[in-house]
Amino acid sequence: MAPKGEFFRWWGKDTRKGTPVIVTMENVNYSVVEIDGPDSAFRPIDKDRVKNAKQFTWVLILKANRAVGCVAWLGHILWALLGAIKKRLFFRNGVAMENENEKSGKGKFLFGFILSLLLTAMAFLAFEVIAHYMRWPYFQEHNLHIPQTLEIRGWLHSIYVSWLGFRADYIAPLILSFSNFCVVLFLIQSLDRLILCLGCFWIKFKNIKPRINGDPFNSNDSEPSKYIYPMVLVQIPMCNEREVYEQSISAVCQLDWPRDRLLIQVLDDSDDEHIQWLIKGEVSKWMQKGVNIVYRHRLIRTGYKAGNLKSAMSCDYVKDYEFVAIFDADFQPNPDYLKLTVPHFNDNPELGLVQARWGFVNKDENLLTRLQDINLCFHFEVEQQVNGVFLNFFGFNGTAGVWRIKALEESGGWLERTTVEDMDIAVRAHLHGWKFIYLNDVKVIIFVLCEVPESYEAYKKQQYRWHSGPMQLFRVCLPSIITSKISIWKKANLILLFFLLRKLILPFYSFTLFCIILPLTMFVPEAELPAWVICYVPVFMSFLSILPAPKSFPFIAPYLLFENTMSVTKFNAMVSGLFQLGSSYEWVVTKKAGRASEPDLLAAEERERDSLSLPAMNLQQSHRGASDSGLSDLIKLKEHQESVPIKKKNTNKIYKKELALAFLLLTAALRSLLSAHGVHFYFLLFQGVSFLLVGLDLIGEQVT
């Protein structure tokens with residue numbers, strides 16, 4: 001038993017760490033006390049020991065040192081924040097005002113609504129602070145029933161008592177009813193996400209994925225392949241894509257497919273003559289290398305991307321082709337992309353679309369790109385895969401997909417009626433009975449590299465288009481869905497899940513519940529939201545969303561806060577598209593950085609030199625006679641860019657709606673602090689800081 005006793009004596013020992021401070025008193029009548037922390041002097045001590053003034057002096061010095069450190073840390077953060085605000089205001093009075101004036105008429109109503117809520121909340125907070133310091137007995141009471149025999153201590157106290165009665169009888173029931181409605185929507189959407197995750201788990205468990213029968217491309221030399229290569233048209237729509245046009249055209253021109261069975265269309269909608277000249281030069285370079293490639297530029301550029309694709313499909317030679325693959329200008333398919341997608345159409349006449357998954361070259365660039373990667377990984381890994389396996393339908397992503405041209409023609413072709421032409425053609429093809437396949441198996445490298453927006457301004461414009469367009473489409477497609485010949489459960493899936501739940505309800509409850517109702521409940525405590533609504537369920541849903549990207553798990557808290565922050569943009573876009581406001585028809589090309597262009601060109605140069613079996617002298621003569629290599633083009637492009645005046649980059653901006661919501665949430669956090677709400681205070685505080693950072697454009701790419 002001795003070892004056991006020794007263990008418990010060791011376990012019970014005081015294991016406090018730190019550098020001890022020995023205070024020795026000159027007077028022998030004083031005790032010697034060991035102080036190893038600022039609170040040591042206040043712990044229970046032996047009766048034969050006493051405290052004295054010098055001991056308290058040391059304790060106060062230690063506490064003061066800790067306090068000064070905290071104040072200095074907070075002061076540093078505040079100083080940096082004030083510097084950022086000053087910088088934003090400086091730019092706002094300069095170049096950024098040009099862009100603000102262009103959009104001065106957009107979002108005024110929503111901003112005015114948020115601003116009125118902010119001013120009201122600040123007035124209520126001031127009133128509550130007065131009540132708190134006046135020690136009126138009703139400050140922390142909920143569900144009050146004010147007695148009629150109160151002694152009125154003044155007109156301000158009388159107003160306060162009247163406000164409590166009015167709040168409990170009229171305002172609280174209204175907010176409570178609306179919050180319960182939003183909570184029900186929140187739970188329905190959470191259940192839908194949980195079911196999607198369970199479906200994805202089942203797909204992984206059963207190893208369910210689309211497969212090609214046999215090996216159509218037999219690589220055995222003794223037995224040549226009997227596969228008949230179909231005619232494939234590849235389209236690259238682009239508009240002023242200076243940064244990414246070169247690697248995109250280069251990647252598509254290196255697709256492993258017989259050249260006599262492949263035609264590449266470069267659909268250039270650029271309005272910059274210098275960019276047109278660069279793209280024409282790139283097309284000419286590959287044309288002289290024997291690639292079947294054409295350059296098209298529309299004289300009347302209407303309908304944005306849909307108009308561009310519609311114009312290209314009207315060419316006479318398109319009727320000779322069976323399939324069309326579409327790649328946006330920032331996408332770089334692998335050489336075997338067509339061999340991994342086109343064979344799925346064999347012996348499957350009902351198949352209209354094969355969609356490949358995306359990969360991202362700049363997902364680790366900054367915090368904004370990391371958060372986007374979480375969202376897009378869940379979209380491709382869970383939503384697209386589950387819908388593709390169990391429903392044979394999902395929204396076309398607009399790029400990295402192969403269409404059967406017959407399916408496009410029977411569905412009405414590309415239409416210019418919305419800003420989501422990809423979702424439009426997918427819905428119409430589904431209504432005509434065509435099936436879709438989604439390829440998620442990254443082990444076979446069906447991974448098309450692209451970029452995600454690196455600045456908040458570009459991301460906000462992209463999300464605005466992605467959330468206003470579906471509401472436009474819902475308005476125009478609803479009669480067609482109701483009168484179509486598909487089954488009732490497919491109609492219900494399109495209307496209730498695809499459009500209403502995931503496109504309308506999600507941004508609606510995210511904005512109203514967490515950005516409007518929650519701050520209001522701090523001033524109307526009778527309608528307080530339970531902790532599981534604002535903490536436990538959102539954290540669990542964020543955990544499910546981050547599972548497809550496990551390396552991003554450390555960003556789960558920023559992801560949750562940022563998704564709520566983006567709800568104001570998504571809500572504004574949803575309302576704009578639903579009621580057909582003018583801004584919903586705006587189609588802005590997402591700005592790309594083109595960070596991978598130089599390494600890709602160097603790699604392409606090495607591949608060219610390795611693949612050509614010519615002597616070095618013949619190689620040089622061949623390049624001189626035809627066109628320069630990719631590396632030479634890069635050098636020429638750099639020299640030409642030095643002689644061409646470079647346009648000014650956009651500056652970081654101030655977003656008024658996000659800033660107004662930041663101050664509203666921070667005001668509600670102060671009110672929550674007064675009444676000791678606990679988890680509500682922390683959520684409001686961190687969410688308010690998140691809105692503040694986004695409102696000052698401190699997330700994403702910073703422009704100096």
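Q: Which residues does Ser 510 touch, not counting residues up to four places away in sequence?
A: Ser 510 touches Cys 515 and Ser 567, where contact means heavy atoms within 4.5 Å. Before we go on: this is a predicted model, with local features needing pLDDT of at least 70, side-chain atom pairs counting only at pLDDT 80 or more, and totals for chains, interfaces and linings using all residues. Residues are numbered from 1 along each chain as its sequence is written, and side-chain values use heavy atoms, with hydrogens and water left out.

Q: Okay, and where is the place of Ser 510?
A: Ser 510 is in helix α14, residues 488-523. Helices (H or I, at least four residues) and strands (E, at least two) are DSSP runs, numbered from the N terminus.

Q: Is Ser 510 buried or exposed?
A: Ser 510 counts as buried because its relative accessible area is 11%; buried means under 20%, exposed over 50%, and partly exposed in between, with a 1.4 Å probe and protein chains only.

Q: What lies 2.8 Å from a polar atom of the Ser 510 side chain?
A: The backbone oxygen of Leu 506.

Q: Switching topic: what does Asp 268 touch, leaving out residues up to four places away in sequence?
A: Met 238, Gln 276, Ile 279, Tyr 295, Arg 296, His 297 and Arg 298. Asp 268 lies in strand β4, residues 262-268, and counts as buried because its relative accessibility is 0%.

Q: Which side chain does the Asp 268 side chain make a polar contact with?
A: That of Tyr 295, at 2.6 Å. A polar contact is a pair of N or O atoms within 3.5 Å; within protein, one must be able to donate a hydrogen and the other to accept it, and residues adjacent in sequence count only if both atoms are side-chain atoms. Asp 268 and Tyr 295 are 27 residues apart in sequence, with their C-alphas 7.3 Å apart in space.

Q: And α7, which residues are buried there?
A: His 274, Ile 275, Gln 276, Leu 278, Ile 279, Glu 282, Val 283, Lys 285 and Trp 286. Gln 276 and Ile 279 were among the residues touched by Asp 268.

Q: What's at the start of α7?
A: A side-chain oxygen of Asp 272 reaches to within 2.9 Å of the backbone nitrogen of His 274. Just after α7, Gly 290 takes a positive phi of about 100°.

Q: What lies over the face of Trp 286?
A: Lys 289, at 4.3 Å from the ring centre. A charge sits over a ring if NZ of Lys or CZ of Arg is within 6 Å of the ring centre and within 35 degrees of the ring normal. Elsewhere, the charged end of Lys 503 sits over the ring of Phe 498, 5.5 Å from its centre.

Q: How many aromatic pairs are there?
A: The count comes to 27. Rings of Phe, Tyr and Trp (its six-membered ring) pair if their centres lie within 6.5 Å; planes under 30 degrees apart count as stacked, over 60 as edge-to-face and the rest as tilted. Phe 178 and Phe 508 make an edge-to-face pair, 6.4 Å centre to centre with 85° between the planes. That pair links distant parts of the chain, with Phe 178 in helix α5 (residues 155-206) and Phe 508 in helix α14, 330 residues apart.

Q: Is Phe 178 buried or partly exposed?
A: Partly exposed, because its relative accessibility is 38%.
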